[in-house]
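Student: I have a model open on my screen and would like to learn how to read it. Could you walk me through it, one feature at a time?

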Amino acid sequence: MNKGALTQTYTRRRLQTGLLPVYTITLFVSAFLVFLVQPMLGKMILPLYGGTPAVWNTCLCFFQGTLLLGYLYAHYSIRWLGGRRQALLHIPLMIMVFLVLPFFFSPDVPPAPEMNPVLVLLVDLAVVVGLPFFVVASSSPLLQRWFSQTSHPDGADPYFLYAASNAGSILALLAYPFLAEPLWTLWQQAYLWTGGYAVLVLLTALCALLLWRYPINAGPQNLAALSPPAETDGPTPAARERLIWWFTAFVPSSLMLGVTAHITTNVAAVPLLWVLPLVLYLLTFVLVFARRRLFPAELIGRVVPLAALVIGVFIFMRIRGTDWLMIPLHLLLFFILALLCHAELARRRPAARYLTDFYLWMSLGGVSGGIFNAVIAPLLFPRLLEYPLAIVLACLLLPNLSAANRPRARRLDWLAPLGLAALTAALFAVIHLLDWRGESSGFALLFAPLALLGWLARRRPLRFGLSLAVVLAAVGYFVEISEGQVLYASRNFFGLKRIVQDEAAGIRRLAHGTTLHGAEYMDPAARRIPLAYYHPSGPVGDVFRSLTAENFHPPVGAVGLGVGSVAAYMAPDQAVVFYEIDPEVIRIARDTRYFHFLADCRGQVAVIQGDGRLALAGAPDHHYGLLVMDAFSSDAIPVHLLTREALRQYRRKMRPDGLLAFHVSNRYVDLARLLANLAAEEGLLCLSRIDTDSTPAGKEESHWVVLGRASAVTRRLRQEMFWRELPPQPRVPVWTDHYSNILSIIK
């Protein structure tokens with residue numbers, strides 16, 4: 001072998017062993033930081049907005065928007081300056097970020113009630129973390145573009161680095177709930193992130209140095225053979241192609257936010273359930289951009305129709321006792337559909353010359369999905385319809401498995417779903433005629449033929465997507481009429497509200513998401529009787545009977561209004577103050593067309609709008625004799641209401657002999673164990689009663705926990721009312737404003 005060949009071989013090995021690992025590690029670290037900061041910031045800001053699940057969707061909208069700005073910066077700065085000169089701009093910009101680190105949100109200043117919470121949250125995020133996130137978010141397209149301008153032989157197709165980047169993202173998202181959240185406070189997490197950012201600055205500077213040392217257009221002649229052809233090969237993408245990039249990124253982004261809202265509304269707005277859909281979302285990127293295709297498009301195309309028809313139904317339906325099964329099923333459907341969309345996106349990726357352009361349109365699709373779900377959909381839809389809508393749109397990307405493409409086949413793509421809609425109307429007529437609303441026989445009559453005909457359309461994407469829309473709409477309407485007459489439906493930042501009237505039972509209910517938030521008898525003679533979780537035969541009735549037996553009628557504070565059921569227990573000389581963050585709930589509870597507890601209260605009633613804990617800070621010290629804590633948005637847990645600092649604040653507002661009553665009914669987590677440890681730390685008794693009796697009609701099973709000092713009232717509860725004392729739980733750590741761990745209380 002001659003000297004020139006030896007030199008070329010040596011240079012090739014040096015490039016492969018030097019450039020690629022440095023760029024891969026740097027991309028990994030940048031992606032790790034980008035996705036570690038997201039659940040961290042979401043958790044920091046939750047207390048300002050009452051722990052509502054909409055906080056995470058709004059945060060994701062901000063992150064996607066800032067990611068788009070980062071991609072715009074990467075695209076145009078390289079286009080105008082070239083890779084080497086752009087590096088001279090980027091490194092000083094990264095150093096400037098240290099001026100605003102570490103970042104932290106203060107939970108002491110809530111947004112004004114009259115302000116739009118979405119806009120306020122977006123502005124807060126931009127001020128506190130906008131610059132750091134923008135700079136780190138730009139790293140992925142920027143570093144890949146730098147790499148494509150080096151003389152490395154893999155520079156011709158640098159998209160495989162995107163898979164490495166997403167692997168870092170996945171690791172960060174898994175590390176947060178399982179490592180960072182259990183081990184460190186939020187302040188410690190902020191400082192650790194700052195240290196990680198310092199490492200990223202050093203690695204990025206090393207990448208820039210390698211770009212200057214091994215550029216594509218410099219070096220000895222024997223490097224010419226290593227120069228990738230990416231800068232000149234490949235046609236310019238057409239406008240239609242760019243729109244397809246946008247659409248195939250829009251749909252899975254909307255899907256991710258839809259499935260996240262669906263599962264967090266019914267469990268808890270906590271990082272663990274935020275990151276699971278995001279992990280699956282990023283995993284699909286890893287799989288489709290890997291050098292080796294693991295999931296053939298044809299296989300995905302055959303699985304999607306069955307999954308969409310079977311699992312999609314459970315967006316609207318709930319089967320008692322299967323709640324834990326529903327979460328993995330929804331995540332499985334989301335994963336399959338996101339894989340379908342991103343596989344099409346990866347298939348259409350352009351030459352490396354248009355890499356930043358590709359990522360720019362992909363990011364634009366992602367942020368469009370976020371804006372649609374977080375801002376537009378709540379204004380358009382009174383229910384969470386963006387989730388099933390995104391499922392239908394994803395099915396339009398199915399591969400066309402039908403060879404027929406004649407005009408007749410294309411007309412049938414529209415006519416077949418119209419025929420299915422006509423059949424649906426006929427089936428509903430039969431269901432009403434037979435009075436099978438809410439019956440399993442009625443559902444079988446409706447779903448079986450519709451699902452079968454929808455399945456037969458699976459080989460043509462448009463026909464199947466429209467047929468699926470008909471099936472999902474039919475199931476949603478069937479469930480709605482089964483629940484009763486919907487008198488009112490609304491949706492805002494804090495969730496979905498529906499007032500449903502059950503004529504057969506003579507009861508009117510307020511549902512928040514999928515959880516009952518209060519009920520009232522329609523009969524004027526009985527409407528003073530509190531129902532649902534506040535029935536006189538339940539735990540709340542025990543507490544008020546014990547207070548009355550001791551001739552104790554103290555002022556009552558209630559965090560969480562619902563329909564105002566607590567007001568039914570007030571004596572004429574008693575006062576109750578409700579704290580409610582959702583203005584729509586306040587309006588509903590005061591509207592005597594629907595509910596009368598506030599209007600009929602025998603004592604004095606006041607309602608204060610705002611987050612319960614923050615608004616309660618303005619109450620006089622040592623004022624309340626009873627504080628009722630029932631502020632859960634659907635089944636979600638506002639963590640900031642269950643911390644050491646929160647309990648100490650409640651005690652400052654209570655009389656020494658006062659009681660704290662927590663409504664802790666939840667299908668997924670055991671809050672009683674957490675409260676037992678908080679009580680032990682403060683030297684209080686912790687009493688629990690689980691009421692499994694749901695009779696008479698209108699009453700619901702419930703679990704309540706009472707905290708207080710030993711007194712005549714607590715003795716009466718323990719001896720006569722079937723309450724039991726909960727001992728401390730050594731394995732459950734006490735939560736604080738800077739530390740909480742949902743894994744420790746999962747049932």
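This is a predicted model: local features need pLDDT of at least 70, side-chain atom pairs count only at pLDDT 80 or more; totals for chains, interfaces and linings use all residues.

Student: How many of the residues count as buried?

Tutor: Buried means under 20% relative accessible area. Of the 747 residues in the chain, 59% fall in that class. The chain exposes about 29,600 Å², and carbon and sulfur atoms supply 62% of that area.

Student: What order do the strands of the open sheet follow?

Tutor: Two strands pair if DSSP finds at least two bridges between them. In this model, 8 strands make an open sheet in the order β7-β6-β5-β8-β9-β11-β10-β12, and the pairing is mixed. Each of β7 (604–609) and β12 (724–725) has a single partner strand, so one side of each has no neighbour in the sheet.

Student: How do β9 and β11 pair?

Tutor: Strand β9, residues 654–663, runs antiparallel to strand β11, residues 702–708, with 5 bridges between them. To find the pair on screen, look for histidine 663, which sits opposite tryptophan 704 of β11.

Student: Which helices pack on the sheet?

Tutor: One is α16 (residues 539–549), which touches β5 (556–559), β8 (624–629), β9, β10 (685–691) and β11. The direction of α16 makes about 35° with that of β11. Another is α22 (residues 712–720), in contact with β9, β10, β11 and β12, and its direction makes about 40° with that of β10.

Student: Is tyrosine 739 buried or exposed?

Tutor: Tyrosine 739 has a relative accessible area of 14%, so it is buried, the cut-off being under 20%. This tyrosine lies in the segment after β12. Leaving aside residues up to four places away in sequence, tyrosine 739 touches Lys43, Glu181, Pro182, Leu183, Trp184, Pro733 and Val734.

Definitions and conventions
Residues are numbered from 1 along each chain as its sequence is written. Side-chain values use heavy atoms; hydrogens and water are left out. Helices (H or I, at least four residues) and strands (E, at least two) are DSSP runs, numbered from the N terminus. Contact means heavy atoms within 4.5 Å. Axes are lines fitted to C-alpha atoms, for helices over the stretch in contact, and angles run from 0 to 180 degrees between N-to-C directions. Buried means under 20% relative accessible area, exposed over 50%, partly exposed in between (1.4 Å probe, protein chains only). Accessible areas come from the Shrake-Rupley method with a 1.4 Å probe; for residues, only the protein chains shown count as cover.
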